[in-house]
Amino acid sequence: HAGLNALGTVFCFLLFVSPLTALAAFVVDFVTHYNIDWLKGNFIRLTGINHTNVGVYLTYADQALHQIVYIGLVLILL
């Protein structure tokens, strides 16, 4: 899952930056995406929170973190 997202990032970035910079964006996206999802999964497993209760807010936070990473990558490139 994280790899597919990172591939999408690298293809988009290749339109605007050098291949080396796009590769750096791939690495950052992959590492952060994997770790965000890993943390969410383990938190859910350890606490028993699910998507029918307060866990839905955890999903919102997860998605917000992913978007913050993308915004950060774009801002770095500017």
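**Entry 1: Lys40 and Asp62**

I looked up Lys40 and Asp62 and found both buried, where buried means under 20% relative accessible area, exposed over 50% and partly exposed in between, with a 1.4 Å probe and protein chains only. The model is predicted: local features need pLDDT of at least 70 and side-chain atom pairs pLDDT 80 or more, while totals for chains, interfaces and linings use all residues. Residues are numbered from 1 along each chain as its sequence is written, and side-chain values use heavy atoms, without hydrogens and water.

Next I checked how the two side chains meet. They form a salt bridge, 3.9 Å from N to O; the term needs a side-chain nitrogen of Lys or Arg within 4 Å of a carboxyl oxygen of Asp or Glu. Lys40 belongs to helix H2 and Asp62 to helix H3, so the pair ties together parts that are 22 residues apart in sequence. Helices are DSSP runs of H or I with at least four residues, numbered from the N terminus. I noted one salt bridge in the structure.

**Entry 2: Asp29**

I then turned to Asp29, which is in helix H2. Asp29 is buried but has no salt bridge, and the nearest side chain of opposite charge, Lys40, is 14 Å away. For charge, Lys and Arg count as positive and Asp and Glu as negative; His and the chain ends are not counted.

What does the side chain of Asp29 join in a polar contact? I found the side chain of Thr9, at 2.6 Å. A polar atom of the Asp29 side chain also lies 3.4 Å from the backbone nitrogen of Ala6. A polar contact is a pair of N or O atoms within 3.5 Å; within protein, one must be able to donate a hydrogen and the other to accept it, and residues adjacent in sequence count only if both atoms are side-chain atoms.

Leaving out residues up to four places away in sequence, I listed Asn5, Ala6, Thr9, Tyr70 and Leu73 as touching Asp29, with contact meaning heavy atoms within 4.5 Å.

**Entry 3: helix H1**

In H1 I found Ala2, Ala6, Thr9, Val10 and Phe13 buried. Down the helix axis these buried residues fall within an arc of 100 degrees, so they line one face of H1; the arc is taken over directions from the axis to the C-beta atoms. They pack against H2 (19-47) and H3 (55-77). On the face turned away from the buried side I noted the exposed residues Leu4 and Phe11.

**Entry 4: helix H3**

The buried residues of H3 include Asp62 and Leu73. I found the buried residues of H3 packed against H1 and H2.

Notes. Helices (H or I, at least four residues) and strands (E, at least two) are DSSP runs, numbered from the N terminus.
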